[in-house]
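Thank you all for coming. Before I say anything, please take a moment with the sequence and the model on the screen.

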Amino acid sequence: MARQAAARAGRPAVPAADPILAAKITAPGVPPWAVPRPRITELLAAGAGCPLTVVTGPPGAGKTMALALWAEAEPRAVAWVGLDRYDNQPGAFWSYVVAALSRSGLAIPRTLTAAARERAGDHLFLLRLVSALAAQDPPVILILDDFHLLAEPDVLRGLDFVLRNVGPGLRVVISSRMDPPLRLHRYRLAGELTEIRASDLAFNLT
């Protein structure tokens, strides 16, 4: 955990010229009173070989804090994006994804960073992003929190394209109040989906 904190301290700051809110690409701090979630950590670890993990539950179920606890202890690069309704457009969504990936320590080509807002959703942009991520070993982890706020078809199609083509270089973890509008059945049938539900997030008495 200390190693992870030190690594984060050395991450490059978001350039001031970029229209990016740093708070949206920063994992929430874990308060001292936070209850460890070893069961959730084990479920997340078990899905390491899957490109997509979905964590679903109602408001207050502990999705964000469980993921923050896991991310803090995770030795691999973790990129975090806290989504809001303004991300329902390709330019905003991919700008934050690229900024979060860069902040996690990933080497992102300057041309890709510039294209994130101007050509986001463009097929060539998505191809270049997939190419930049495909060679990551170990894979980078991208956490998309509050995914239920996204409904824009172009954003969803772009993310689906990246997931289907990026290979083992990227793991996407989605936190949502409901199943994300992605083709989950395909990932499920292919054994490429890890699902953590409200029943898993619930505390027990043992």
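Residues are numbered from 1 along each chain as its sequence is written, and side-chain values use heavy atoms, with hydrogens and water left out.

The predictor's confidence in each residue, pLDDT, runs from 0 to 100; its mean over the chain is 87, and 88% of the residues reach 70 or more. Confidence is lowest in helix 1 (residues 2-9), with a mean of 42, and highest in strand 2 (residues 78-82), at 98. Over residues 1-18 pLDDT stays under 50, and where pLDDT is low, the predicted coordinates should not be read in detail.

As for the fold, the chain has 9 helices and 5 strands, taken as DSSP runs (helices H or I, at least four residues; strands E, at least two) and numbered from the N terminus. Of the 206 residues, 46% count as buried, that is, under 20% relative accessible area with a 1.4 Å probe, protein chains only.

Which residues touch the most other members of the largest nonpolar core? A nonpolar core here is a set of buried Ala, Val, Leu, Ile, Met, Phe, Trp, Tyr and Cys residues joined through side-chain atoms within 4.5 Å; the largest has 45 residues, and those in question are Leu-52, Trp-94, Leu-101, Phe-125, Leu-144 and Ile-174. Helix 4 gives the largest share of this core, 8 residues. A second, separate core of 15 residues includes Val-55, Ala-66, Trp-80 and Leu-201.

That brings me to helix 7. At the start of helix 7, a side-chain oxygen of Glu-152 comes to within 3.2 Å of the backbone nitrogen of Asp-154. The buried residues of this helix include Leu-156, Leu-159 and Phe-161, and also Asp-160. Among the elements that the buried residues of helix 7 pack against are strand 1 (52-56), helix 4 (90-103) and strand 4 (170-176). After helix 7 comes Gly-167, with a positive phi near 75°.

Key
This is a predicted model: local features need pLDDT of at least 70, side-chain atom pairs count only at pLDDT 80 or more; totals for chains, interfaces and linings use all residues. Buried means under 20% relative accessible area, exposed over 50%, partly exposed in between (1.4 Å probe, protein chains only). Contact means heavy atoms within 4.5 Å. A polar contact is a pair of N or O atoms within 3.5 Å; within protein, one must be able to donate a hydrogen and the other to accept it, and residues adjacent in sequence count only if both atoms are side-chain atoms.
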